[in-house]
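Subject: Structure handover

Hello,

My notes on it follow below.

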Amino acid sequence: MATLSDLVILLLGALLALGFYNKDRLLGSSSSSASTTSGSSAATANGSKPTYSNGNGNAFKGDPRDFVARMKDQKKRLAVFYGSQTGTAEEYATRIAKEAKSRFGVSSLVCDIEEYDFEKLDQVPEDCAIVFCMATYGEGEPTDNAVQFIEMISQDDPEFSEGSTLDGLKYVVFGLGNKTYEQYNVVGRQLDARLTALGATRVGERGEGDDDKSMEEDYLAWKDDMFAALATTLSFEEGASGETPDFVVTEVPNHPIEKVFQGELSSRALLGSKGVHDAKNPYASPVLACRELFTGGDRNCIHLEFDITGSGITYQTGDHVAVWPSNPDVEVERLLAVLGLTSPEKRRMIIQVVSLDPTLAKVPFPTPTTYDAVFRHYLDISAVASRQTLAVLAKYAPSEQAAEFLTRLGTDKQAYHTEVVGGHLRLAEVLQLAAGNDITVMPTAENTTVWNIPFDHVVSDVSRLQPRFYSISSSPKLHPNSIHVTAVILKYESQATDRHPARWVFGLGTNYLLNVKQAANNETTPMISDGQDDVPEHVSAPKYTLEGPRGSYKHDDQLFKVPIHVRRSTFRLPTSPKIPVIMIGPGTGVAPFRGFIQERIALARRSIAKNGPDALADWAPIYLFYGSRDEQDFLYAEEWPAYEAELQGKFKIHVAFSRSGPRKPDGSKIYVQDLLWDQKEVIQSAIVEKRASVYICGDGRNMSKDVEQKLAAMLAESKNGSAAVEGAAEVKSLKERSRLLMDVWS
């Protein structure tokens, strides 16, 4: 029987949804405009100060960058700020705020750190606290949205409203990083130390998540002690709030179809209006060319060229391009089947999603939209299922056995790691297995048990689908109207468990690009294999629906578009060609170096045209150390000799084939770090005497560390010291002076 509070919540949600649905008519909006739900508005049409709901029917009218005034007005006990590059820190910030609400009934602000000023950080009320979820990006840098805050807080005497100290401020820090990088979680650590130095008091221990292993497990191991410390410090009462939804989901079948988001990533994309193309408004770029780079074997590596003519997008050599993939068809079908939404009427049903508290949880995608679009374009349903989510969803299980299965995975860390992480099980797959369904067959309404999970839980518990980043492998000096990408296709075998056999796991972004390449070249990509005899049909290589929303990503028969935007990088060549350049990039780590060489080719052509055939005589050498398994994996093998010739011998490439190439005297394989050591006298001279710039790109778990060790050893020799002391100091000095730059990943 529903309680009075339950009825009030349902009534409030219905009124909010009804008000949002009718806001065009209430506000007299043009019928051609698109409405987007993504939290509160940052500006008003008439230029006046924006207003923010305080949750009590009143509105906050004030400086939108003054978070302290907003906390006081809206009675928020916590402000959770995130410094995020890819959306992960934002996700954990939201999770902290949600758990504070469910545990203690405490209301929070969840804030993008660049949208607020911090001069009043010293005025945070005594019964409140500030939480910082801070990701470390690249080689120890703050994320783009946190740069201004970190610069301000790092000043010798930062100016707050009443001085330069933060006495009385209570704070929490959760850092997000990757241990394959040398500067692991340095932003969170330095912020913690700086706040303490300014007189603030940390609540609980600093949390640190390692994306190389399990960010999720690190967070779960930290959060309970943190919340206990927070409750003690701020007198929070456990159990002060029951479970309340974050969103209201309403089906609105009669909504004008032209105002429904069917996969569009921004209002501009829906309306077809022009504007700046960035992370909030990606550009649907035509694919000019795509081809396979490997000449044999069972692996794929593809070269794609994105047309940016007339888009307003510019890039520099060394930048990254973000590709916004969709989810593969089989995973869309799987989750629709699990939730009982496979019928044409249901999957295309228009839904409006409204946040009950936009300061706590923003709707993670534009609405109104459809169930199909949510799963295909907006939520990351292809990710490994979260342990915390499994525990939450156990109460919606269709049977006692299914509930026990989910509860065990949600509470038993080892079982979760073995069965879910090791098996790379997505949320819908775990739900199928719990219900006794076969995950190796194509999911349908007939072979999949339905779970009656409220859709608002799905919106709350599944992360937003994020773009995948790739090093740009071209130079705008040679290719001003196109961006080149070099991507090896991710495919690996999962661990077998008692519930399912080992199977192939396909990377989301690279297999999306492989589908684009295959479709553009009229190659087939089966989603399921044909059943033969007694062997059931089973899911094979994933197939993606590439036409995009309203068919906008496909023109003619074989011209496809991919949504992209550019992210700036500090991975840059020295401006003078008289400075030696040393590049180490095995595999697809060679991608930005192809762009570097093209940059020098363009400069060489201009110099020769201006100063004659001897214009390159005083140029410094450019060394590239490249490695692959064997000759058939040698990327752009046909291009390097032409580059060497055009640069008149100034460019030299050294290549190692670890499997088919020569071996060391002891029989061990030769890698790029060994090639580097073979040239140590040349490298020592270039770095020590000629101030060379060194670049490393590729695997951050092993290769980059091995290369750094070789650099330390050879630089130590030049100083008559040891690699561990003098050599390490020299490598550190190179990094500090931006003469050793790295673009690595795990």
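Where does Asn327 lie? Asn327 sits in the loop between β13 (320–323) and α9. A word on conventions before the rest. This is a predicted model, in which local features need pLDDT of at least 70 and side-chain atom pairs count only at pLDDT 80 or more, while totals for chains, interfaces and linings use all residues. Residues are numbered from 1 along each chain as its sequence is written, and side-chain values use heavy atoms, with hydrogens and water left out. Helices (H or I, at least four residues) and strands (E, at least two) are DSSP runs, numbered from the N terminus.

**Asn327**

Asn327 counts as buried, at 0% relative accessibility. Buried means under 20% relative accessible area, exposed over 50%, and partly exposed in between (1.4 Å probe, protein chains only). The side chain of Asn327 has two polar partners to look at. It reaches the backbone oxygen of Phe375 at 2.8 Å. A polar contact of 2.8 Å also joins the side chains of Asn327 and Ser382. A polar contact is a pair of N or O atoms within 3.5 Å; within protein, one must be able to donate a hydrogen and the other to accept it, and residues adjacent in sequence count only if both atoms are side-chain atoms. Leaving aside neighbours within four places in sequence, the residues in contact with Asn327 include Val332, Arg376, Leu379, Leu465, Leu508 and Tyr544. Contact means heavy atoms within 4.5 Å.

**Helix α11**

Phe375 belongs to the buried residues of α11. Helix α11 spans residues 371–378 and is mostly covered: eight of its eight residues are buried. Among them are Tyr371, Asp372, Arg376 and His377. What covers these residues? The cover includes β10 (247–251), α9 (329–338), α10 (344–347), β14 (350–355), β15 (369–370) and α16 (455–461).

**Salt bridges**

The count comes to 44 salt bridges. The rule is a side-chain nitrogen of Lys or Arg within 4 Å of a carboxyl oxygen of Asp or Glu.

Arg347 and Asp372 form one, at 3.2 Å from N to O. This pair links distant parts of the chain: Arg347 is in helix α10 and Asp372 in helix α11, 25 residues apart. Arg347 is buried at 14% relative accessibility. Asp372 is buried too, with a relative accessible area of 15%.

Glu251 and Lys346 form another, at 2.6 Å from N to O. Here Glu251 is in strand β10 and Lys346 in helix α10, 95 residues apart. Glu251 is partly exposed, with a relative accessible area of 32%. Lys346 is partly exposed at 29%.

Arg206 and Asp192 also meet in a salt bridge, at 2.8 Å from N to O. Arg206 lies in the loop between β8 (201–202) and β9 (207–210) and Asp192 in helix α6 (residues 186–197), so the pair ties together parts that are 14 residues apart in sequence. Arg206 is partly exposed, with a relative accessible area of 30%. Asp192 is buried, at 3%. Both belong to a network of salt bridges that links Arg189, Asp192, Arg202, Glu205, Arg206 and Glu208.

**The parallel sheet**

Which order do the strands of the open sheet take? Its five strands run β24-β23-β22-β25-β26, with parallel pairing. β24 (651–657) and β26 (740–745) stand at the edges with a single partner strand each, so one side of each is left without a neighbour in the sheet. The twist averages 10° from one strand to the next. Two strands pair if DSSP finds at least two bridges between them. β22 (residues 581–584) and β25 (residues 693–699) pair over four bridges. Ile584 has Ile696 in β25 as its bridge partner.

Axes are lines fitted to C-alpha atoms, for helices over the stretch in contact, and angles run from 0 to 180 degrees between N-to-C directions.

**Strand β11**

β11 (residues 283–292) runs antiparallel to β21 (residues 559–567), joined by four bridges. Ala284 has Pro563 in β21 as its bridge partner. Five bridges join β11 to β12 (residues 301–307), also antiparallel. Glu292 stands opposite Ile302 in β12.

Best regards
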